[in-house]
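Hello,

Here is the structure I promised to pass on to you. Have a look at it first, and then read on for what turned up in it.

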Amino acid sequence: INAELTVHDITAAGISGDMVNGSDIVIGPIATEDISRLLSETGNTPIISPLDMKAEALVGSNANLTQTRTPTKYQYLDLVNWVAEDITPQDSLILISEKSGRISEIADQMKAALDSAGLKYKTFSYNILEGRDITEPLTALTTTEGTTRVLIASDSEAFVNDLVRNINVLIYNNIPLTIYAPGKTRSFETIEVDHFHKSTMHLSIADYIDYEDSNV
């Protein structure tokens with residue numbers, strides 16, 4: 001493609017419409033706040049949001065905005081659909097979230113997806129300080145007939161690390177478990193890779209490109 005490319009590094013003052021006036025298309029900025037400000041100043045210039053998944057909230061009211069990064073809610077729907085494909089009548093499903101003063105937004109979205117899919121599930125929550133004492137109550141929620149499928153409703157590295165460690169303790173005790181987790185889990189460096197494999201970790205990755213899909 002022959003194109004005249006203009007590059008702007010956003011300063012503390014942010015971005016303005018003057019920077020992009022006359023452009024046929026704008027890629028960026030990254031942050032949702034900057035994208036929102038640019039939309040209010042550029043009229044109908046096509047803008048592509050390259051990285052921030054939260055910018056998806058602006059798409060509905062801005063026909064000239066294209067969101068390229070898969071929003072997290074669709075990753076959660078993908079995970080739930082994956083569970084629905086895998087689960088058998090002998091299996092059980094547990095949604096595990098971090099206990100906190102407020103209801104987790106991730107847990108809410110996953111619950112909504114599970115309810116929409118008509119899947120039966122149990123819920124379990126704890127905080128990291130309780131991590132050493134959850135093996136017994138977690139074991140009580142597992143099935144003795146099939147595989148216990150665990151859906152992790154958290155993107156906190158410390159919490160997910162603790163939970164995966166606990167689940168691997170149960171696996172060591174011959175309890176069949178499979179984990180389904182948000183794609184961000186893949187980048188966590190504190191979790192032992194062996195724990196991913198032993199728990200048959202399923203991740204929904206935002207950047208996967210299916211070249212066999214006609215839409216792609």
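Predicted model: local features only at pLDDT ≥ 70, side-chain atom pairs only at ≥ 80, totals over all residues.

Which exposed residues does helix 4 carry on the face turned away from its buried side? They are Glu 105, Asp 115 and Ser 116.

**The chain as a whole**

The chain has 216 residues, and 40% of them count as buried. Its secondary structure comes to seven helices and eight strands. Taken along the principal axes, the C-alpha atoms fill a box of roughly 65 × 40 × 30 Å. Among the contacts with a separation of 6 or more, 57% are between residues 24 or more positions apart.

**Helix 4 and helix 3**

Back to helix 4, where Ile 106, Ala 107, Met 110, Ala 113 and Leu 114 are buried. Seen down the helix axis, these buried residues fall within an arc of 130 degrees, so they line one face of helix 4. They pack against helix 3, strand 4, strand 6 and strand 7. The length of helix 4 can be checked too: at 1.5 Å a residue, its 13 residues should span 18 Å, and its end C-alpha atoms are 18 Å apart, which agrees. After helix 4 comes Gly 118, with a positive phi near 75 degrees.

Helix 3 (residues 72-86) can be read in a similar way. Its 15 residues should span 21 Å at 1.5 Å a residue, and the end C-alpha atoms are 21 Å apart, in agreement. Buried in helix 3 are Gln 75, Tyr 76, Leu 79, Val 80 and Val 83. Down the axis of helix 3 they fall within an arc of 140 degrees, so they line one face of the helix. The cover over these buried residues includes strand 4, helix 4 (105-117), strand 6, strand 7 and strand 8 (202-204).

**The largest core**

In soluble globular proteins, nonpolar side chains tend to be buried together. Here the largest nonpolar core has 24 residues, and those with the most contacts inside it are Ile 96, Phe 124, Leu 138, Ile 152 and Ile 167. At least two residues each come from strand 4 (92-98), strand 5 (122-126), helix 5 (135-141), strand 6 (148-153), helix 6 (157-172) and strand 7 (177-182). Helix 6 gives the most to this core, with seven residues. Apart from this core lies another, of 15 residues, among them Tyr 76, Leu 79, Ile 106 and Met 110.

Leaving aside residues up to four places away in sequence, Ile 96 touches a set of residues including Phe 124, Tyr 126, Leu 138, Phe 159 and Leu 163.

**Strand 6 and its neighbours**

The bridge partner of Ile 96 in strand 6 is Ile 152. Strand 4 and strand 6 run parallel and are joined by six bridges. Strand 6 also runs parallel to strand 7, with four bridges between them; there Thr 148 stands opposite Leu 177 of strand 7. Together, strand 6, helix 6 and strand 7 make a right-handed β-α-β unit.

Gly 43 follows helix 2 and has a positive phi, near 70 degrees.

There is also an open sheet of three strands, in the order 1-2-3, with parallel pairing. Strand 1 and strand 3 stand at its edges with a single partner strand each, so one side of each is left without a neighbour in the sheet. Two bridges join strand 1 to strand 2, and Val 26 has Ile 47 as its bridge partner in strand 2.

Enjoy exploring it!

Best wishes

Key:
Residues numbered from 1 in each chain as written. Heavy atoms only, no water. Core = buried A, V, L, I, M, F, W, Y, C linked by side-chain atoms within 4.5 Å. Buried < 20%, exposed > 50% of the residue type's maximum accessible area, 1.4 Å probe, protein only. Contact = heavy atoms within 4.5 Å. Expected span 1.5 Å × (residues − 1). Arc of directions from axis to C-beta. Pairing = 2+ DSSP bridges. Right-handed = clockwise from strand over helix to strand, strands pointing away.
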